[in-house]
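Hi,

Here is the structure I promised to pass on.

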Amino acid sequence: MTAARALIALLATSLALAPPCLAAAASIEPDRSSIPARILALHNRERAAVGAPPLAWDPALAASAASYGPTLAGLGRLAHSPRETRPGQRENLAMGSTGDYGLEDLVGFWVEEKRHFQPGMFPNVSRTGYWKDVAHYTQMIWKGTTNVGCAFHVEGGRNYLICRYSPPGNADGRSVP
C-alpha cells in the first residue's frame, strides 16, 4: 500500500505542476467577442506606422468573410473566393494548425511581408520583384481602404482567418503606402 500511495502522491504532484492544457488552447482559439478589437488593433498599428488612417470594423464584411470559412475548410487549402462573389472587396487569407497558430500568428504572417515591401506604385512594391510577396501587407496598409471585417473559422484541425476590405486596395498604378 505504501508504494501505491507514493505513486498516487507523485501523480498528483505532477498534475498540479503541469501547465493547464485548456489555458494554452484558449490562447490559440480566440474568444469570439474579442476578434474585432484584436484585428483592428493589429491592422491599425501597421497603418499608423505608415501614416494611413485607422480602419473601422464592418459587420457586413465580417459576415461575408464568415460565409467563406466552410468553403476553405472543405478545400483544406487557401484559395481566394471568386471576385464576382465579393464586389468592391479585397480578401486576405491565412491558415494554420489549430493549437499552433492563433489569431495574432495568422495576422502576423501578413505583417511579416513588410520585410519585402518597398514604397512605390502598385504592383512595383516588392524588393523581390514579385508583388504577391507583399500583397497581404499592402492591403492592410492601403490608405484608401476604410473598412475591414474578418472571420476566424476552426475546422478539420485548422484555423482559417478570412479578412475582407473595402474599398479594395492593391490597385495598379496607385501609390503605396
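**Salt bridges and the sheet**

Searching the whole structure, which is a predicted model, turns up 5 salt bridges.

One of them pairs Arg 38 with Glu 104, with the closest N and O atoms 2.6 Å apart.

Another salt bridge joins the side chains of Lys 114 and Glu 46, at 3.0 Å from N to O. Here Lys 114 comes from the loop between helix 5 and strand 3 (120-121), while Glu 46 belongs to helix 3, 68 residues apart. Glu 46 is buried, with a relative accessible area of 4%, whereas Lys 114 counts as partly exposed at 38%.

Then there is Glu 91 with Arg 164, at 2.8 Å from N to O. Glu 91 is in strand 2 and Arg 164 in strand 5, so this pair ties together parts 73 residues apart in sequence. Both Glu 91 and Arg 164 are buried. Shared partners also join Arg 45, Glu 46 and Lys 114 into one network of salt bridges.

Now for the sheet: it is open, with 4 strands in the order 1-4-5-2 and mixed pairing. Strand 1 (56-57) and strand 2 (90-97) are at the edges with a single partner strand each, so one side of each has no neighbour in the sheet. Strand 1 pairs with strand 4 (residues 147-155) in the parallel sense over 2 bridges, and Trp 57 stands opposite Val 148.

Cheers

Note on methods: Residues numbered from 1 in each chain as written. Predicted model: local features only at pLDDT ≥ 70, side-chain atom pairs only at ≥ 80, totals over all residues. Heavy atoms only, no water. Pairing = 2+ DSSP bridges. Salt bridge = Lys/Arg side-chain N within 4 Å of Asp/Glu carboxyl O. Buried < 20%, exposed > 50% of the residue type's maximum accessible area, 1.4 Å probe, protein only.
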